[in-house]
Amino acid sequence: MTEGDPPRGDAPPSLEALQARLDAARPPSAHAEPAAAGRDGAAMGVGLRIAADLIAALIVGTGLGWGFDRWFDSAPWGLIIGVFLGFAAGLLNVHRALNADDARAAPPDDPAPDDAG
């Protein structure tokens with residue numbers, strides 16, 4: 001038997017008492033809000049989406065430039081221009097994604113007046 005256990009024959013402690021003992025035994029970092037983990041996961045999702053948008057646009061631009069070079073025998077100019085255009089398109093996608101994310105996160109300034117009145 002340990003120090004905090006009730007003697008045999010007594011009623012077991014209530015759930016509230018057990019929860020209080022568990023909370024007291026946990027380290028302070030374990031008391032963090034579960035919502036913070038959700039925010040971290042959402043931020044990670046936005047970051048991965050931005051990285052994927054940028055990489056995909058760069059790959060598409062490079063592929064189109066390479067194809068242009070093969071079709072018109074203009075190497076390396078099509079590839080160089082394709083890389084720059086792909087990078088620019090990727091940055092535009094990142095800008096749009098961040099603006100859309102900011103618009104969702106921001107609270108509305110003034111609610112629209114109700115026209116039914």
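Tutor: Let's start at Gly90, which counts as buried because its relative accessible area is 0% (buried is under 20%, exposed over 50%, partly exposed in between, with a 1.4 Å probe and protein chains only). Before going on, keep in mind that this is a predicted model, where local features need pLDDT of at least 70, side-chain atom pairs count only at pLDDT 80 or more, and totals for chains, interfaces and linings use all residues. Residues are numbered from 1 along each chain as its sequence is written, and side-chain values use heavy atoms, with hydrogens and water left out.

Gly90 sits in helix α3 (helices are DSSP runs of H or I with at least four residues, strands are runs of E with at least two, and both are numbered from the N terminus). What does Gly90 touch, once its neighbours within four places in sequence are set aside? Asp53, Leu54 and Ala57 are its contacts, a contact being heavy atoms within 4.5 Å.

An α-helix has 3.6 residues a turn, so residues three or four places apart point the same way.

Arg49 belongs to helix α2 and is partly exposed, because its relative accessible area is 45%. Its side chain meets that of Asp53, one of the contacts of Gly90, in a salt bridge of 3.9 Å, N to O. (For a salt bridge, a side-chain nitrogen of Lys or Arg has to be within 4 Å of a carboxyl oxygen of Asp or Glu.) Why are Arg49 and Asp53 about one helical turn apart? Because they are 4 residues apart in α2.

By that rule the count comes to 2 salt bridges. In the other, Asp23 pairs with Arg26, with the closest N and O atoms 2.8 Å apart. Asp23 is partly exposed because its relative accessible area is 31%, and Arg26 is partly exposed too, at 37%.

(Patch residues have over 30% relative accessible area and no salt bridge; nonpolar side chains, meaning Val, Leu, Ile, Met, Phe, Trp and Tyr, are joined within 5 Å, and like charges within 9 Å.) Both α2 (34–72) and α3 supply at least two residues of it, with α3 giving the most, 4 residues. Leu58, in α2, is partly exposed, because its relative accessible area is 31%.

Most residues other than glycine have a negative phi, and most peptide bonds are trans.

Zooming out, the protein chain has 3 helices and 0 strands, and 9% of its 117 residues count as buried. Among contacts with a separation of 6 or more, 46% join residues 24 or more positions apart. The chain exposes about 9700 Å², with carbon and sulfur atoms supplying 66% (Shrake-Rupley areas, 1.4 Å probe; for residues, only the protein chains shown count as cover).

How far to trust all this? Mean pLDDT is 82, and 77% of residues reach 70 or more (pLDDT is the predictor's confidence in each residue, from 0 to 100). Helix α3 (residues 77–105) has the highest confidence, at 92, while helix α1 (residues 15–25) has the lowest, at a mean of 86. Where pLDDT is low, the predicted coordinates should not be read in detail.
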